[in-house]
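Hello,

Please find the structure below.

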Amino acid sequence: MSDDGAEFAVVRERNDELRPAITPNARFVFSVLAGSWHQAMQLQYDKLDFGIYDPDGIEDYVYSDEEAAEQKVYLKRRNVR
């Protein structure tokens with residue numbers, strides 16, 4: 001989260017590399033574990049008490065097992081630092 005609002009992105013090494021330049025004052029507030037982008041957004045909305053996430057025609061993106069495995073490996077490496 002930054003002073004300008006919330007950033008919500010998939011945890012990936014590249015996103016972590018870019019974050020300091022894009023949102024230098026960002027701070028970790030919470031995370032969610034989801035199988036798709038819409039599910040992740042609804043969990044974020046639930047946490048922030050925003051109500052129902054309504055993407056209005058935006059197609060959902062379901063994360064593959066391969067993406068989940070890559071993220072798990074990266075998180076394990078990242079959390080050791």
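**Aromatic rings**

One aromatic cluster is formed by Tyr45, Phe50 and Tyr53. The model is predicted: local features need pLDDT of at least 70, side-chain atom pairs count only at pLDDT 80 or more, and totals for chains, interfaces and linings use all residues. Numbering runs from 1 along each chain as its sequence is written, and side-chain values use heavy atoms, without hydrogens and water.

Three aromatic pairs turn up in the whole structure. Rings of Phe, Tyr and Trp (its six-membered ring) pair if their centres lie within 6.5 Å; planes under 30 degrees apart are stacked, over 60 edge-to-face, the rest tilted. Tyr45 and Tyr53 pair edge-to-face, at 5.3 Å centre to centre and 80 degrees between the planes. Tyr61 and Tyr63 are also edge-to-face, at 5.5 Å and 65 degrees.

Tyr53 has 15% relative accessibility, so it counts as buried (under 20% relative accessible area; exposed is over 50%, partly exposed in between; 1.4 Å probe, protein chains only). Tyr63 is buried at 18%. Tyr61, at 42%, is partly exposed.

The charged end of Lys47 sits over the ring of Phe30, 5.7 Å from its centre (NZ of Lys or CZ of Arg within 6 Å of the ring centre and within 35 degrees of the ring normal).

**Confidence**

Mean pLDDT (the predictor's confidence in each residue, from 0 to 100) is 88 for the protein. 91% of residues reach 70 or more.

Best wishes
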